[in-house]
Every structure is written in C-alpha cells, then in structure tokens.
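Here is a short report to read alongside your viewer. Please keep the sequence and the model side by side as you go.

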Amino acid sequence: MDNIYTMSKDYYVIEVDGDYMVLPETSAGIANASIFAVNAIGAELLNLLKEPATLESLIRHITTMYTLPENGEEMIKKDITSFLYRLLKKGIITNGVRNQ
C-alpha cells in the first residue's frame, strides 16, 4: 500500500518576484489559515500534487530534474517527507492510501 498525496483544492500557489506562496482559495480562508512560503522545489512539488502522487514518484521527479551529491537521494527523501508532513499538518495537502 502506498500513501497518495494530493493538494487540497482550498489552496493555490502564486509566484511574486521569484518567491512562492501557498494561499487559501477564498479570502474567508485567510482568517483561518496562514500563508505558507515555499522555495522553487516546493512550488514544483505542489504543482505535481495537483494530481495524486506517491512519495516515491515525487522523489523520482526531483532526482531526475536536479544533479544531486553523493547520497543525495536519501537527503531528498528526508526533505520531501518533512515537507509533506508540514503540508499535511496545515491542511494544504491530503493523504490517502492506494492498494497495489
């Protein structure tokens, strides 16, 4: 069984002068949610999460797009796992399970 992550339809990503922010879809949501800043890789991951994705597919995408140092894949896995956890806690993404 794989965890499947998807970006909530209640949020979207914008770019302002090279900085990326995750915002709630409605102005009413701003009162209940914080603005969440992400870097370019975080924005890319959120873009991928507009469609359901597994941790492994996200790692594979990033490792094919960027040149990594030795043991870089382990570092990427740890960073993406931490990023997903923070997004889940804020309700920016959802988590489901897919049976294989």
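The sections below cover the strands, a helix pair and a pocket.

## About the model

This is a predicted model, in which local features need pLDDT of at least 70, side-chain atom pairs count only at pLDDT 80 or more, and totals for chains, interfaces and linings use all residues. Residues are numbered from 1 along each chain as its sequence is written, and side-chain values use heavy atoms, with hydrogens and water left out.

## Strands

Let's begin with β2 (residues 11–16) and β3 (residues 19–24), which pair in the antiparallel sense over six bridges. Strands here are DSSP runs of E with at least two residues, helices are runs of H or I with at least four, and both are numbered from the N terminus; two strands pair if DSSP finds at least two bridges between them. Tyrosine 12 has leucine 23 of β3 as its bridge partner, and isoleucine 14 stands opposite methionine 21 in β3. Two residues lie between β2 and β3 in their hairpin, and aspartate 17 in the turn has a positive phi of about 50 degrees.

On to the next strand: β3 also pairs with β4 in the antiparallel sense, over three bridges. Here methionine 21 stands opposite alanine 37 in β4.

## A helix pair

The axes of α3 (residues 55–65) and α4 come within 10 Å and cross at roughly 130 degrees. Axes are lines fitted to C-alpha atoms, for helices over the stretch in contact, with angles from 0 to 180 degrees between N-to-C directions. The two helices α3 and α4 are therefore oblique to each other (under 35 degrees is roughly parallel, over 145 roughly antiparallel, 65 to 115 roughly perpendicular, and the rest oblique).

## The largest pocket

Which helix gives the most to the lining of the largest pocket? It is α4, with five residues. A pocket is an open set of points on a 1 Å grid over the protein atoms alone where a 1.4 Å probe fits, with protein on both sides within 12 Å along at least five of seven lines; lining residues have an atom within 4 Å of a point. Among the lining residues are Ala37, Ile62 and Phe83.
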